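Open the structure and keep the sequence beside it. We will walk through strands, salt bridges, a helix pair and a loop.

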Amino acid sequence: SAPGAGARHRFMVTFALRDDLHPAALAAAFAGEGRLQIVDFLRHDGAMALLRELAQSQAWRLAVNQGEQIADYASAEIAGWPAERKAALDRRVVQDGRDRIQFRYETIRLPEYGTGSGQEAPPILRRFVDFLCSDEVITFMRALTGASDIAFADGHASRYTEGHFLTAHDGSNVDMGWRAGLV
């Protein structure tokens with residue numbers, strides 16, 4: 001292929017919900033369980049493009065919470081820490097996870113959600129979050145959840161590798177107007 005063809009192809013990716021999703025049927029399952037796994041929520045081409053670009057990104061940062069605050073660390077920063085500092089972080093994260101919501105995973109945040117990295121998030125992530133805010137997805141999520149006041153979605157990329165976790169929680173945040181979590 002011609003130089004730059006891959007870059008042009010990435011920008012041509014569009015996102016769409018899978019054609020055969022039926023929100024009314026899914027809503028019954030969601031209402032009964034309070035959660036739902038929708039296999040292949042997105043059409044395959046968009047999902048694979050998102051996966052490829054995020055997998056290649058250098059913008060990933062380790063995220064851990066410290067109470068209500070979130071700290072993001074670059075891999076190079078952590079690599080330069082003395083062993084005792086790394087061990088102290090590990091001990092604190094594990095201990096805090098026994099008593100409250102705690103997480104440790106890699107993330108790419110959009111600037112409005114506080115990347116703190118100085119690195120640009122992959123453009124495909126912005127396009128994906130914009131898609132989540134589209135009429136198509138908002139209408140689908142309203143029908144699925146029964147929450148007619150859903151008006152937007154926010155988002156970030158996250159990936160979990162060895163030693164990463166997110167403790168059980170209900171995902172509620174009334175102050176931010178959250179109605180449902182989509183992972």
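What follows is a short tour of a predicted model.

Start with strand β3, residues 103-109. Seven of its seven residues are buried. In a regular strand the side chains alternate between the two faces of the sheet. Both faces of β3 are covered. Phe103, Tyr105, Thr107 and Arg109 lie on one side. Arg104, Glu106 and Ile108 lie on the other.

Now look at the strands that pair with β3. Strand β1, residues 61-66, pairs with β3 in the antiparallel sense over four bridges. There, alanine 63 stands opposite tyrosine 105. Strand β4, residues 156-159, also runs antiparallel to β3 and is joined to β3 by four bridges. Alanine 157 of β4 is the bridge partner of isoleucine 108. Strand β5, residues 165-166, pairs with β3 over two bridges, again antiparallel. Here phenylalanine 165 of β5 partners arginine 104.

Stay with β3 and turn to charge. Side chains of opposite charge can pair when their charged atoms come close. Arginine 109 and aspartate 72 meet in a salt bridge, 3.4 Å from N to O. Arginine 109 lies in β3 and aspartate 72 in strand β2 (residues 69-73), so the pair ties together parts that are 37 residues apart in sequence. Are these two partners buried or exposed? Arginine 109 is buried, at 9% relative accessibility. Aspartate 72 is buried too, at 16%. Both values count as buried because the cut-off is under 20%.

The model has eight salt bridges in total. Another joins aspartate 20 to arginine 18, at 2.3 Å from N to O. Aspartate 20 is partly exposed, at 44%. Arginine 18 is partly exposed as well, at 28%. Aspartate 96 pairs with arginine 100, with the closest N and O atoms 3.0 Å apart. Aspartate 96 is buried, at 13%, while arginine 100 is partly exposed, at 43%. Arg92, Asp96 and Arg100 are linked in a network of salt bridges.

Next come two helices. The axes of α2 (residues 23-33) and α7 (residues 135-145) come within 7 Å and cross at roughly 45 degrees. The two helices are therefore oblique to each other. Pro23, Leu26, Ala27 and Phe30 make the contact from α2. Phe140, Ala143, Leu144 and Thr145 make it from α7. Seven of these contact residues are nonpolar, one is polar and none is charged.

End in the loop between α2 and α3, where aspartate 40 lies. Aspartate 40 is not a glycine, yet has a positive phi of about 55 degrees. Aspartate 40 is exposed, with a relative accessible area of 51%.

Note on methods:
Residues are numbered from 1 along each chain as its sequence is written. This is a predicted model: local features need pLDDT of at least 70, side-chain atom pairs count only at pLDDT 80 or more; totals for chains, interfaces and linings use all residues. Side-chain values use heavy atoms; hydrogens and water are left out. Axes are lines fitted to C-alpha atoms, for helices over the stretch in contact, and angles run from 0 to 180 degrees between N-to-C directions. Angles under 35 degrees count as roughly parallel, over 145 as roughly antiparallel, 65 to 115 as roughly perpendicular and the rest as oblique. Contact means heavy atoms within 4.5 Å. Ala, Val, Leu, Ile, Met, Phe, Trp, Tyr, Cys and Pro count as nonpolar, Asp, Glu, Lys and Arg as charged, and the others, Gly among them, as polar. Buried means under 20% relative accessible area, exposed over 50%, partly exposed in between (1.4 Å probe, protein chains only). Two strands pair if DSSP finds at least two bridges between them. A salt bridge is a side-chain nitrogen of Lys or Arg within 4 Å of a carboxyl oxygen of Asp or Glu.
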